Amino acid sequence: MSRPASTTVPATGMGPPGHVTSAQEPYPSPAHLAAATTRHTQGRFTVTTRKLPISKSAPIAQMEARLGIPVPEMIFGDNVVSVAHEPTGWRIEFNAYDALDAVDKTDKNMLQVAYAKSWSASREQTSAGIKEVVKPYDWSYSTTYRGTTAPSPSSSTPSSPDQNTQNTTTTENNTKDIPQLAPVGPAADDPTRPAQQIPLELLKRRDPILFFDDVVLYESELDDNGISMLSVKTRVHEQRMLLLCRLFMRLDHVVARVRDTRVYVDFDTDDVIREYTVKEGSYDDLKKAFRMSGLTPDGVTVALRDGNKVAELLPIIDQTIEHVSLKS
Amino acid sequence: MSDLDKAIAQLRACRPIPEAQVRELCHKARELLIEEGNVVTVAAPVTICGDIHGQFHDLMELFRVGGDPPDTNYLFMGDFVDRGFYSLESFLLLLCLKVRYPDRMTLIRGNHESRQITTVYGFYDECVRKYGSANVWRYCCDVFDYLALGAIVLGASNTLSPPNEHISSEDYADADIEIEVCNADGDIMSRFQRRDNEQRSPNGAGASAGSKTGPPGSGASGSSGGSTGNPTGAVLCVHGGLSPLIDTVDKIRLLDRKQEVPHEGAMCDLLWSDPDEIDGWGLSPRGAGFLFGADIVKVFNHRNDLSLIARAHQLVMEGFKEMFDASIVTVWSAPNYCYRCGNVAAVLELSEGGGGESILARSNGDVGRSDGGMRGVMMESDSAPKNGPARRYRVFQAAPQDSRGMPAKKPVADYFL
């Protein structure tokens with residue numbers, strides 16, 4: 001298995017998942033979308049998640065035409081996770097289209113597979129005529145996506161065709177009145193620390209989980225050279241919630257990346273903190289670190305597939321924290 | 001009941017066979033495969049299947065939908081292992097069937113049938129987990145090295161036989177169906193007649209796509225404008241695609257295949273390359289691997305008397321996807337891939353040419369057999385492509401059993417940070 005077959009087919013597609021009945025049903029029906037959507041309201045916030053099968057050929061073709069790059073072979077174009085503050089209309093959403101729109105569409109950040117050099121060297125004699133790289137882009141899908149904050153012009157995408165029904169509050173509000181996330185400065189009493197931080201100690205407590213979901217937005221096997229996966233986890237407690245949107249990218253024998261966007265909400269104060277953390281390290285260093293932690297060689301192979309374990313060992317390259325107070 | 005039949009019965013129940021038996025099976029399989037050429041010749045009727053990836057219960061569903069072996073002849077285009085939870089049972093069952101019914105079962109190599117890839121993507125771990133050592137993995141990898149690189153299907157008819165017992169052959173005689181899509185129960189979901197020069201629009205389908213009239217997953221079929229009864233060209237089956245180093249099927253026959261899949265060379269390309277909407281050849285942005293366009297496929301097919309290339313290797317949501325005026329098709333046979341994609345799968349059925357119409361002797365992939373090899377194929381834009389065989393795609397979904405032991409649909413809540 002590798003990349004999906006490129007998609008310039010006419011607008012036909014099989015029916016909804018589970019029932020292959022018609023040649024003319026490229027999109028899930030509104031009823032189908034609604035059935036796949038879960039909502040949970042806590043305090044003045046509503047958390048919404050939607051999980052559906054991978055997109056069909058026709059929506060993929062449209063998506064690729066709009067994005068200008070091929071999409072990963074496992075593209076969950078209808079999946080979405082959102083957190084909305086009802087009184088103000090503030091909203092953050094995570095969807096595959098916007099995430100892929102934040103992938104580098106040039107050749108500037110293009111990685112090469114480990115054996116690229118030997119591969120092209122061996123080709124010089126025999127296939128010298130073929131030098132043109134087809135559609136250069138960051139095929140590792142290392143997105144810098146931190147979520148789509150409403151209202152923003154890019155948020156109404158084909159990936160969420162029921163945008164209007166999903167959150168009527170947002171569209172009714174005047175966009176200018178909605179508070180926005182802003183960078184957090186140093187704390188007044190201790191300039192080495194940020195003024196606002198996600199309270200890890202509170203999140204480590206085993207408070208009852210009132211709502212939980214884990215939603216994949218896209219995944220690529222990078223032509224069997226590793227993995228790139230963007231997924232969103234969320235857990236809601238009575239007092240607070242945490243959302244983690246994680247990009248886990250491992251290019252075998254080259255590099256590993258984790259890019260975490262955490263959204264923390266305090267339901268008492270209606271404070272929202274967004275923390276974006278970039279971690280990266282060479283594949284060899286990562287492997288060494290796993291070996292040092294006492295794993296067997298086979299154990300290392302297994303650990304390299306686990307985004308959580310990789311995230312623990314990769315060094316932090318960059319971190320930004322933003323905050324917004326939604327209390328009226 | 002022979003030992004082999006017992007092993008088949010046990011594997012059909014998704015129970016691994018003892019290590020000693022695996023060793024013996026792999027030894028027999030190698031003796032058999034070593035006699036096969038790099039390109040196996042297969043006579044229609046045959047059912048062509050794409051990636052399986054260790055989804056054992058879905059393989060059982062495939063046999064239910066496509067007909068049980070040996071009653072149905074099968075051609076599997078590789079990627080039997082990795083990703084799924086039952087690579088071992090899936091591969092060993094296919095291998096047992098190959099040894100038991102060598103003429104009715106064809107297995108060709110996918111890019112996952114390799115030591116390096118199976119170490120990373122699950123098959124190695126599965127063998128160690130199920131046997132406590134890597135011996136079985138080693139035996140299997142030794143078999144991988146002997147798998148053929150491709151197959152040529154000869155004698156495929158340009159008409160179909162009925163998809164189920166409720167439809168009589170008479171009803172089929174006049175239909176002139178080029179493509180038929182059936183569901184798992186054999187009910188016809190859509191049919192596409194062969195188009196003649198008047199460009200009639202079958203079923204009224206594809207109205208949104210102008211004059212193109214392909215079924216779901218096809219990039220508009222029907223450029224093959226022949227009449228019923230004409231022989232069809234051969235079908236080349238290969239896991240990935242073409243190679244710039246290979247311009248004739250005979251060049252595939254000359255490769256030394258009995259080795260680990262190399263990172264370079266024609267053998268690598270056959271297992272890894274992908275068709276794409278480009279002109280000519282292109283390099284993958286990954287820095288390794290080729291992409292090839294419609295012109296490459298058309299020239300290759302013409303030169304080798306092929307009407308169609310069937311390949312696997314890429315996930316297609318509808319189970320199959322015809323491209324480049326139906327000169328190449330991707331077949332994908334792992335439904336709900338990785339137990340969470342929710343895609344359907346398909347197999348491609350080619351019928352046997354009846355009434356002496358089959359063309360076994362005609363096309364065998366030799367260069368220029370039909371035109372003396374003198375004419376430049378690029379200059380023959382006026383000549384129609386080879387009349388394609390009638391194709392039936394049976395589309396099916398994941399077996400309900402294959403959710404056993406899988407991550408539950410409802411995710412387990414955890415205190416992630």
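This briefing covers chain B, one of its helices, and some backbone details in chains A and B. The model is predicted: local features need pLDDT of at least 70, side-chain atom pairs count only at pLDDT 80 or more, and totals for chains, interfaces and linings use all residues. Residues are numbered from 1 along each chain as its sequence is written, with chains lettered from A and ligands numbered from 1 in the order in which they are written.

**Chain B overall**
- Chain B has 11 helices and 16 strands (DSSP runs numbered from the N terminus: H or I of at least four residues for helices, E of at least two for strands).
- Of its 417 residues, 57% count as buried (20 or more other C-beta atoms within 10 Å of the residue's own, with C-beta atoms placed from the backbone).

**Helix 7 of chain B**
- Helix 7 (residues 135-144) is largely enclosed by the rest of the structure, because seven of its 10 residues are buried.
- The buried residues include Trp137(B), Tyr139(B), Cys140(B) and Cys141(B).

**Cis peptide bonds**
- Ala44(B) and Pro45(B) are joined by a cis peptide bond with omega about 5 degrees; Pro45(B) lies in the loop between strand 1 (39-43) and strand 2 (46-49) of chain B.
- Another cis peptide bond, with omega about 5 degrees, joins Pro69(B) and Pro70(B); Pro70(B) is in the loop between helix 3 (56-66) and strand 3 (74-76) of chain B.

- Tyr141(A), not a glycine, has a positive phi of about 50 degrees, and counts as buried with 24 C-beta neighbours inside 10 Å.
- Ala326(B) has a positive phi near 60 degrees and is buried, with 23 other C-beta atoms within 10 Å.

Methods: A residue is buried if 20 or more other C-beta atoms lie within 10 Å of its own, exposed if 12 or fewer, and partly exposed in between; C-beta atoms are placed from the backbone.
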